[in-house]
Amino acid sequence: MPDLGGREITIAVENAYPPFNYVNPATGEGEGWDYDAWREICRRLNCTPVFQEASWEGMIQAVGNGQFDAAADGITITPERAELVDFSDGYIQVDQRLLVRADESRFSNMDEFVANEELLLGTQTGTTNYETAASLLPESRIQAFEQFPFAVAALLNGDVDAVIMDETAGQGYVGNNAEQLKLIGDPIKSDALGFIFPKGSDLVEPVNQALAQMREDGTLDELAQKYFSDEFQLPEG
């Protein structure tokens with residue numbers, strides 16, 4: 001394993017995308033899959049992760065401009081984004097799903113949702129979830145929010161009829177609101193997620209080696225069980 005000599009790595013996180021990253025209201029500290037994964041990566045590579053909160057909108061560009069050494073935010077690997085930044089190898093394959101209120105009975109999948117012109121879909125701006133929504137629905141039926149928690153709040157309030165999001169994130173919301181929310185339908189789209197780095201970063205290869213080792217020794221599976229299952233619940237204040 002490469003030795004980074006204790007080097008500090010600045011990592012942008014949104015702190016608003018559970019279970020990848022969020023703030024524990026009881027402690028005020030950031031937690032989540034991204035925090036655990038990067039601490040483990042740096043343990044293996046002898047580096048020090050320094051997490052810095054940043055908004056999702058502009059995060060990819062900021063990394064591309066060199067404002068951060070890396071970003072971790074459940075970022076889908078796409079050719080368009082790869083023109084701005086370098087990606088790590090994918091660490092998980094995720095499905096896009098529909099999150100709905102628990103008593104929803106008007107539709108049971110995306111096709112039925114699309115067919116009912118009265119229904120509104122919530123999502124987050126600048127995400128591949130938004131791109132998927134825009135490929136299926138007219139703009140008038142999409143409500144885009146700055147952060148996913150706002151989209152889920154709108155769903156619970158009845159302002160939108162469903163939210164399209166990655167299943168890993170959706171499971172976290174269901175775990176915390178099992179009586180109010182559920183995921184429905186088959187996967188709408190499947191994507192690989194990766195970390196991002198400035199173009200030409202010397203961190204990509206060491207991080208890929210650490211991820212490969214974590215995949216082989218079961219560490220990624222352990223983290224997935226902790227965060228990407230119905231058992232996950234956000235901490236309460």
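**View 1. The largest cavity and its lining.** Thirteen residues line the largest cavity, and Tyr-17, Trp-56, Asp-73, Gly-74 and Thr-127 are the ones nearest its centre. On a 1 Å grid over the protein atoms alone, a cavity is a set of points where a 1.4 Å probe fits but cannot get out, and lining residues have an atom within 4 Å of a point. This is a predicted model, in which local features need pLDDT of at least 70 and side-chain atom pairs count only at pLDDT 80 or more, while totals for chains, interfaces and linings use all residues. Residues are numbered from 1 along each chain as its sequence is written, and side-chain values use heavy atoms, with hydrogens and water left out. The elements giving two or more residues to the lining are β6 (70-76) and α4 (128-136), and β6 supplies the largest share, three residues. Helices (H or I, at least four residues) and strands (E, at least two) are DSSP runs, numbered from the N terminus. About 90 Å³ of space lies inside this cavity, where a volume is the space filled by probe spheres set on the points, and grid points are joined across faces, edges and corners.

View 2. The lining of the largest cavity divides into three nonpolar, six polar and four charged residues. Here Ala, Val, Leu, Ile, Met, Phe, Trp, Tyr, Cys and Pro count as nonpolar, Asp, Glu, Lys and Arg as charged, and the others, Gly among them, as polar. Domain 1 (8-91 + 194-228) and domain 2 (94-191) each contribute at least three residues to this lining; the domain bounds come from an automatic or database domain assignment.

View 3. A pocket is an open set of points with protein on both sides within 12 Å along at least five of seven lines. The largest pocket holds about 210 Å³ of space. Among its 13 lining residues, Pro-18, Pro-149, Tyr-173, Asn-176 and Leu-234 lie nearest the centre, and the elements giving two or more residues are β3 (21-23) and α6 (167-176). By class, the lining has nine nonpolar, four polar and no charged residues. Both domain 1 and domain 2 give residues to the lining of this pocket, so the pocket lies between them.

View 4. Buried means under 20% relative accessible area, exposed over 50%, and partly exposed in between (1.4 Å probe, protein chains only). Tyr-173 is one of the buried residues of α6. The buried residues of α6 pack against β2 (16-17), β8 (92-101), α5 (148-157), β11 (162-166) and β12 (181-197).

**View 5. The largest nonpolar core and helix α1.** A nonpolar core is a set of buried Ala, Val, Leu, Ile, Met, Phe, Trp, Tyr and Cys residues joined through side-chain atoms within 4.5 Å. Of the 49 residues in the largest one, Trp-33, Trp-38, Ile-41, Leu-99 and Phe-195 touch the most other members. Helix α1 (residues 33-45) gives the most to this core, with seven residues. Trp-38 is in contact (heavy atoms within 4.5 Å) with residues including Ile-9, Pro-49, Ala-70, Phe-195 and Val-207, leaving aside neighbours within four places in sequence. Arg-43 also sits in helix α1, but counts as exposed at 58% relative accessibility.
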